[in-house]
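Here are my notes on this model, point by point.

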Amino acid sequence: MTAPIRFPRFFVTSPAPCPYLPGKSERKVFTELKGAHSDQLNEALGRIGFRRSQTVAYRPSCLDCQACVSVRVVANEFRASSTQKRDIKRNSDLVVTECRPWATDEQFELLSKYLGMRHPDGGMSTMDEMDYADMVEHTPVTSTLVEYREPTETEEPGRLVGACLTDRQGDGLSMIYSFYDPDHEERAGLGNYIILDHILRAADSGLPYVYLGYWVDGSPRMQYKVRYRPLEKLTREGWQRMGEDEQSKLIAAATAPRDKSAGAIGGARGKDGQPVKFPAS
């Protein structure tokens, strides 16, 4: 006899400073992923805007703000821009391997370099090796660690230049967290390439979507997510395709040259929020 699926219990975090918009506070609603039906629950929650962090599925539940919008790329209709085509061509020689979700010292060293240069004030900047291992290995769903390595002339694996923790769902790939070498002069566009590769891999596998997490209007660090066409956003009426004109304006704003005298991009501690911790029973 099949055990009944138990309806999950949901919890709400206390308000905390928003990691994306200054002067705002954030709140999350979350539940635990566990048991034989974790994949199905994670997929169902993903379709209504939840994201996974280890064994927790969460989504924003802020009292006075709805700036965080779930977005996904329609993989089989993806249209690469000229810049994206150059990123694909420049990095197409990389050796891409789907690995089991197991943390390595090499991955952690790359993550530390990435966080130190791109998100030094982010919620993950204080992670140690154990924290990273928890992020990668504590998964109750179907996950892989996708590695991007430079080619070699021998059978030895090349240098690791990028990685992405990815959940495989029935309707697509959910990019949980990606990181890469931000100081590689010959590998411009690595971060974009990792997303592009996931879109192409999803399309090749017959998976309709690549989930990119939350796009936050007003947060400069989150605007890269609008560059992939066609893009769908989650609204109160369900998933809706972003209009061509709307997306074109957002892309133009996201790719406009920045005034270097303005200094580093502000308005966020990083592309990550503080990890959600499940309350002790």
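This is a predicted model: local features need pLDDT of at least 70, side-chain atom pairs count only at pLDDT 80 or more; totals for chains, interfaces and linings use all residues.

**Notes on the loop, sheets, core and cavities**

1. Glutamate 186 lies in the loop between β11 and α5 (helices, H or I with at least four residues, and strands, E with at least two, are DSSP runs numbered from the N terminus). Glutamate 186 is exposed, at 65% relative accessible area (exposed is over 50%, buried under 20%, partly exposed in between, with a 1.4 Å probe and protein chains only). Residues are numbered from 1 along each chain as its sequence is written, and side-chain values use heavy atoms, with hydrogens and water left out.

2. Now look at arginine 187, which is also found in the loop between β11 and α5. Is arginine 187 buried or exposed? Arginine 187 is buried, with a relative accessible area of 9%. Setting aside neighbours within four places in sequence, arginine 187 is in contact with Arg90, Asn91, Asp93, Leu94, Glu150 and Pro151 (contact means heavy atoms within 4.5 Å).

3. For the overall picture, the protein chain has six helices and 14 strands. Of its 281 residues, 47% count as buried. Take the contacts with a separation of 6 or more: 69% of them join residues 24 or more positions apart.

4. Strand β9 (residues 143-149) deserves a look. Six of its seven residues are buried, so β9 is largely enclosed by the rest of the structure. It pairs in the antiparallel sense with strand β8 (residues 95-99) over five bridges (two strands pair if DSSP finds at least two bridges between them). In that pairing valine 96 stands opposite tyrosine 148 of β9. β9 also pairs with β10, again antiparallel, over seven bridges, and here leucine 145 stands opposite leucine 165 in β10.

5. There is also an open sheet of four strands, in the order β1-β4-β6-β5, with antiparallel pairing. Its edge strands are β1 (11-12) and β5, each of which pairs on one side only. β1 meets strand β4 (residues 28-32) over two antiparallel bridges, with phenylalanine 11 standing opposite phenylalanine 30 in β4.

6. On to the core. The largest nonpolar core has 49 residues, and Leu111, Tyr132 and Leu212 have the most contacts inside it (a nonpolar core is a set of buried Ala, Val, Leu, Ile, Met, Phe, Trp, Tyr and Cys residues joined through side-chain atoms within 4.5 Å). Helix α5 (residues 190-204) gives the most to this core, with seven residues. Which residues does tyrosine 132 contact, leaving aside its neighbours within four places in sequence? They are Ala103, Thr104, Gln107, Phe108, Leu111, Met127, Leu145 and Phe179.

7. On a 1 Å grid over the protein atoms alone, a cavity is a set of points where a 1.4 Å probe fits but cannot get out, and lining residues have an atom within 4 Å of a point. Grid points are joined across faces, edges and corners, and a volume is the space filled by probe spheres set on the points.

8. The largest cavity holds about 80 Å³ of space. α1 (38-46), β5 (51-53), β10 (160-169) and β11 (172-180) each supply at least two residues of its lining, and α1 gives the most, with three. The lining includes Asn42, Arg52, Asp167 and Tyr211. By class it has five nonpolar, four polar and three charged residues (Ala, Val, Leu, Ile, Met, Phe, Trp, Tyr, Cys and Pro count as nonpolar, Asp, Glu, Lys and Arg as charged, and the others, Gly among them, as polar).

9. The second largest cavity has about 60 Å³ of space. Its lining has six nonpolar, four polar and one charged residues. β7 (68-74) and β12 (209-216) are the elements that give two or more residues to this lining, and β12 gives the most, with four. Among the lining residues are Ser70, Val71, Leu212 and Trp239.

Technical notes: On a 1 Å grid over the protein atoms alone, a cavity is a set of points where a 1.4 Å probe fits but cannot get out, and a pocket is an open set with protein on both sides within 12 Å along at least five of seven lines; lining residues have an atom within 4 Å of a point.
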